[in-house]
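My notes follow the model below.

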Amino acid sequence: GACQRHIFRHNDLAHLEELLIAAPADAPKLIAFESVYSMDGDIADMAGTVALAKKYGAMTYLDEVHAVGMYGPRGGGVAERDGLMDQIDIIEGTLGKAFGVMGGYITGDAVVVDAIRLVASGFIFTTSLPPALTAGALASVRWLKQHPEVREAHQERAATLKAMFKAAGLPVMDNDSHIVPVLVGDPHHTKLISDMLLADHGVYVQPINYPTVPRGTERLRFTPTPFHTDDMMRKLVGAMETLWAHCNVARMGGHAA
């Protein structure tokens, strides 16, 4: 029959445990969670989640799409960084984002992967990746495995941009990852600032609005790379200060942007 789905509150392991206790002891269980959450940039308590899975006989399914290539000594993701790769049943990754190509994958024991290969309609009815994309992804994975210094630079650049935003009094949302969200809290202003950054300052940044994030938490999501310089960041922060003031004037005047 169909599976029952229970949603545990975001990164709330006490709530997850309540749901696991309530489930029949002999029912097969799978805990699905992410490592880096892409909108707030927070990171799951992986060791805690794995411990609960073991305690209640559940399998684990980890989505590392925002972490592969970017965390761990060889870019294996947060599971590698936290020394838990061998304790997760299925890890999902992407060949987009850090690896810069497209496509996705899961990893796990051969028997699990085979089962999914045979029954997952989403896989069965998907066109397989063409050889050129696969070769590009393979080259990227191999290169990133060998270059932890690029990951270190990436983390340092993100931390620097956060510090600059903070020093300027801009509402950067705190987290322990490479994601730099700045809270605007209004969909019109978010779109307006994004448009003006591109048109007037040559900076491309994604406006994130409902339904991707809850209403009232609309934000700009900056993704600094290892190749963004301090000078670029200073220009960005200056532009943001100007636009922030501009939007405040629009708000205080009482007319919508």
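I count two elements as touching when heavy atoms lie within 4.5 Å. Helices (H or I, at least four residues) and strands (E, at least two) are DSSP runs, numbered from the N terminus. The model is predicted, so I kept local features at pLDDT of at least 70 and side-chain atom pairs at pLDDT 80 or more, while totals for chains, interfaces and linings use all residues. Residues are numbered from 1 along each chain as its sequence is written, and side-chain values use heavy atoms, with hydrogens and water left out.

Four strands make an open, mixed sheet in the order 1-2-3-4; I call two strands paired if DSSP finds at least two bridges between them. Strand 1 (29–34) and strand 4 (104–108) are the edges with a single partner strand each, so one side of each has no neighbour in the sheet. Neighbouring strands here are turned by 20° against each other on average, direction ignored. Axes are lines fitted to C-alpha atoms, for helices over the stretch in contact, and angles run from 0 to 180 degrees between N-to-C directions.

Inside the sheet, strand 2 (residues 58–63) pairs with strand 3 (residues 90–94) in the parallel sense, over three bridges. Tyr61 has Ile90 of strand 3 as its bridge partner.

What lies across this sheet? Helix 2 lies across strand 1 and strand 2, at about 175° to strand 1. Helix 4 (residues 110–119) lies across strand 2, strand 3 and strand 4, at about 140° to strand 4.

**Helix 1 on helix 2**

Next I checked a helix pair. The axes of helix 1 (residues 13–22) and helix 2 (residues 46–55) come within 11 Å and cross at roughly 15°. That makes the two helices roughly parallel, a label for angles under 35 degrees. On helix 1, Leu13, Leu16, Glu17 and Leu20 make the contact; on helix 2, Gly48, Thr49, Leu52 and Lys55 do.

Three strands form an open antiparallel sheet in the order 5-7-6. Strand 5 (180–183) and strand 6 (206–208) are at the edges, each with a single partner strand, so one side of each is left without a neighbour in the sheet. Strand 6 pairs with strand 7 (residues 219–222) over three bridges, in the antiparallel sense. Ile208 has Arg219 of strand 7 as its bridge partner. Helix 7 (residues 148–167) packs on this sheet, touching strand 5 and strand 7. Helix 8 (residues 187–201) also packs there, touching strand 6 and strand 7.

How values were computed: Angles under 35 degrees count as roughly parallel, over 145 as roughly antiparallel, 65 to 115 as roughly perpendicular and the rest as oblique.
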